[in-house]
Structure formats: structure tokens, C-alpha cells
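Me: Could you walk me through the salt bridges in this model, and then the overall build of the chain?

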Amino acid sequence: KMKRLVMTIVLSAAVATLWAQRFDYVERRNGWNGGANAAGLRRDSISLSYAEVYAVKSGGEFVDFSSSSDSWNAGARTKSILHFGRVSFAGGFGYDYFDGRDMCGSMFTKPGFYPFDILEFTPGRKIRETYDLDGRAAISFGRGWTGGLAADFEASNYAKRKDLRHSNRRLDFGVAPSLLYARGDFAIGAAYLFRKDAERVTADEIGSTPDSYEAFFDKGLAFGVGELWTGSGIHLDESGVSGFPVSEIIHGASLQSQWHRLYAEAKFRYGHGHTGERGVEWHDFDSRGVELRVSAWFGPETDVHFVRLAASWTERRNRENVLGKQTVNGVTETYIYGSNTIYTERTVRVKAEYEYACARTDLRAGAEVLLTDGLSSLMYPYAYGRKMYRTVLYADNRLTAGRFEILASVRFSWGGSSQYDASTTSAADAGDYPERLTQYYEYATEYFTAGRIETGAGVRCNVAKGIYVEASGMWRHGFRLRYIGGSEAYMAILKVGYSF
């Protein structure tokens, strides 16, 4: 019995040491780590950190309309989870440098983030630098009560080096104070969520005669305005406004509970934003959403099974303001006389995942279904909609053999789309609906719904205590493509890091 006890202790220590090198696993094993309540850090006891540098080379034509078919990026990042008596900390920071060739399309740092877009059509080089910092802290007050605070910050600089050139500045900040009460195997918590994001797109033309480049303002489903980039419908060159500014503020709340090895969380949020500044606001947009997560785990730490379920619903609505100007005593002011809802989008996402982890392997497999329904209503009584769906099946495995860890992954996805006319019966004599950028619409729809297979493989060598080198690659192939120029894409990744 004593010999068996000693062997169990040694094996547990070996497993703990091995898994301490897998930061992503430690984050996943505790359901509170992926939630909004920082006080949940106290529901675990493993401390670990890592720091790494990486380089990525990507290529291929099977990419999003606004992505590059020839790019590279490199950076560094570090993350930690630390426990000291009654206090726990978690966080990290990172830097990423991206360089993409032959890029056009969206002028925003994160295409698709807002319910509108501005597109340009001259392929050129784009460079993006991203800095991110996040931190969480939790302190035990005693008698089962724990307080927490989470904050994160991200800043991006984005620029195109060819006419129609543009430069962007984006800031994203969030904070979430939280509280948790635990008694025995039961815990309950709550958190308040606040987030603000802002971006400004500044366009310029240097190498050609003025007003020689066109842009397109996508107001939803590729309906909008296409004209010279200095035109009033694009909003990049408006008097009294510097570039195209957009900002959004989001408020939310999150509730969490845990009983034994069952964890659940519900999150609610509401956001409001606008485009323009200094009294000149072209659009007002709202967003709201609900997210539910449930996770459970079974078995001992050396041979554990996880089941995770997640579902979310979001709605985005964009309104275009009707503006007018009045001059009184030589002072011109802009007034908002009203607004029209021009685009509404609803999204439903459902995901299920299973994970098995032991001393030699970490296997994950799952499925995800994504449904979207967008409705363009630029001009009454017209209304045109598009429904899309996408299903994803995936599996990832990490197999340990001595100093080496073998990585393998596979993903399958397929989808479909349909269009519908929601116009009223009186639409026949209402005039022509705004133009649609058909080529972009067909490309974007096909990229979302096209069937594809994606495979990945890699190897990680634990060179010395805590030091590792990892090389991996990804290949993607699309099927039955009509509008996308190529069916292949690839990615090669090299990492060097230290776990401690």
C-alpha cells in the first residue's frame, strides 16, 4: 500500500508538471477562467506562466475578401496565473506586427465588427501593429466572500501604403468588477461589464490627381453608396470632421454558479454607438445579446473528461440619421431631424465540445452551428434579406512522447444561404433601390458558406526545463467555389517559449 501511495504521488506530480506547460489547458479546466467573474480565480490553485515569441507565414487565395493572400506576422506574448495566500492574479500582454500584400476591401481594423463598412479597391500593402494588455485580480474577504476585478486594453495602428491609402487608430477597453460567494461545493457570483471601443479611419491620396479613387459605403448586405472617396455618401472627407470616427459603449451583466463539478454562466449585454463627431452624427447603432455557457468535468485529475455547451444570440441594428444645417448669426449648426433603420442582423450560435486529458494526450472534439439573418431596409417600402448557416465539426489532439508533443487537427465545415424579399405590396412604384456591390456580396456569401476542409499538424520539443520550440502548419481547401479566385490557403507557425 505504501508503494502504491508513493507511485500515485509521483505520477500526480509528473502530470501537474506536464500540464503546467499547457497554459491553454489550465485556462479551460476551470470554467471560471473563461467567464467574466475574476473572483473565480480563487476556485483553482494551479499557478503557472509562459512567455513566447512567434512568427507566422500565410498565403493562398482562399481567404476573406479583405484579407491578404500573401502575409506574415510576428510578435511576443506572455500570460500568467498566480496564487498567493488570499490573493490571486492572472493576466498578460502581447504585441503583434502584421504585414499583408495585395490587400483591399474593408478599411477598418476588424472587418465586420460594425454593422456597416467602407470598402476600397486598389490592392496594396497593409501594416497593422497591435498591443494588448489584460489583468484580473481576486482577493478573499473571508466567510466565503471573494471580490474580483478584470480589465483589458487593446490598441491597434493600421495603415495602407498605396492610394487610396488610409491610416487607422483603434482603442478597445473593458473593465468588470465582480463578487463571488462560496460555501462548500456551491458557489455563486455576479459581475458588471463595461466596454468601450473607438476607431478613426483617415483616408488620403498622394500619388494621383485628386478625386480619382472610388470607395463604397456598405450599409448592409452590400447595399449602399459607391462614388469618389471624397463624396458626401462615403463620409471620409466631411467638413468639420476628421476622417471617419466611430465609437461604441457596451454595458452588461453576468451571473455564474457552480455546484460540485458543474459550472454555468449567463451573460447579458447592450451596446450603443455612433459614427461622426462634433454634433455631426451620420449613424446610430445598437447591439444586444445573450450568452449561456455550461461545463462539467468527471474523473480524477490524471484522467479527466470535460463536456462544454455554449449558446448565444445577438442582434445588431443600424440607423441612418437625417441631417440638416441651419445658420444663425453666421454660425452654422447641424441638426438631426430623425432617423431610419437601414439594417438589422440577428445571429445564433450553438457549440458543443468534449475533451479528454491524461498524462499522454489531450483530445478535443466538437461541433458548432452558426445562423445569421440580415435585413436591408434602406428605402421604404423595400426590404431585402439574406439567411446563412454554417456547420463546423472539429477535432484537435496533442500526444506526448518523451520530450516531444505531436499536434494534429482537422476541421470540416459547410453551409448555405437564401435570399428573401420582405418588401410591402406598394413597392412597385417606389423607385429604384440603392445599388448593390454584387461581386463583393457573392464573394462574402460564398466564403461564409463554402464547404471546406482544414488540417493541421505540428511538433513541440521541450528542449530543457520549461524551454520549448514548436513548429506547426495548416492547410485549407475549399470545394465548389465560383466567386473566390483560389481554393487553397496555408499557414506556417514557429514558436519559441518558456513555461514557468
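**Salt bridges and surroundings**

Reply: The side chains of Glu52 and Arg77 form a salt bridge, with 2.8 Å from N to O; the term stands for a side-chain nitrogen of Lys or Arg within 4 Å of a carboxyl oxygen of Asp or Glu. This pair links distant parts of the chain, since Glu52 sits in strand β1 (residues 48-60) and Arg77 in strand β2 (residues 70-84), 25 residues apart. Helices (H or I, at least four residues) and strands (E, at least two) are DSSP runs numbered from the N terminus. The model is a predicted one, in which local features need pLDDT of at least 70 and side-chain atom pairs count only at pLDDT 80 or more, while totals for chains, interfaces and linings use all residues. Residues are numbered from 1 along each chain as its sequence is written, and side-chain values use heavy atoms, with hydrogens and water left out.

Me: Is Glu52 buried or exposed? And what about Arg77?

Reply: Glu52 counts as buried, at 7% relative accessibility, whereas Arg77 counts as partly exposed, at 31%. Buried means under 20% relative accessible area, exposed means over 50%, and partly exposed lies in between (1.4 Å probe, protein chains only).

Me: Which residue does Glu199 pair with?

Reply: Glu199 forms a salt bridge with Arg170, and their closest N and O atoms are 3.3 Å apart. Here too the pair links distant parts of the chain, with Glu199 in strand β7 (residues 186-204) and Arg170 in strand β6 (residues 165-183), 29 residues apart. Glu199 is buried at 3% relative accessibility, and Arg170 is buried with a relative accessible area of 1%.

Me: Where do Arg308 and Glu353 lie?

Reply: The two side chains meet in a salt bridge of 2.8 Å, N to O, between Arg308 and Glu353. Arg308 is in strand β13 (residues 303-328) and Glu353 is in strand β14 (residues 331-358), so the pair ties together parts that are 45 residues apart in sequence. Arg308 counts as buried at 16% relative accessibility, and Glu353 is buried with a relative accessible area of 8%. Both belong to a network of salt bridges that also links Asp24, Arg28, Glu355, Asp362 and Arg364.

Me: How many salt bridges are there?

Reply: The count comes to 35 salt bridges.

Me: Switching topic, what does Asn168 touch?

Reply: Asn168 lies in strand β6 and is buried, with a relative accessible area of 0%. Leaving aside residues up to four places away in sequence, Asn168 touches a set that includes Met107, Phe108, Tyr158 and Glu199, where contact means heavy atoms within 4.5 Å. The Asn168 side chain also makes a polar contact with the side chain of His166, at 2.8 Å.

Me: What counts as a polar contact?

Reply: A polar contact is a pair of N or O atoms within 3.5 Å; within protein, one must be able to donate a hydrogen and the other to accept it, and residues adjacent in sequence count only if both atoms are side-chain atoms.

Me: And how many helices and strands does the chain have?

Reply: The chain has 3 helices and 20 strands, and of its 500 residues 45% count as buried. Among contacts between residues at least 6 apart in sequence, 65% join residues at least 24 apart. Along its principal axes the C-alpha trace spans about 90 × 50 × 45 Å.
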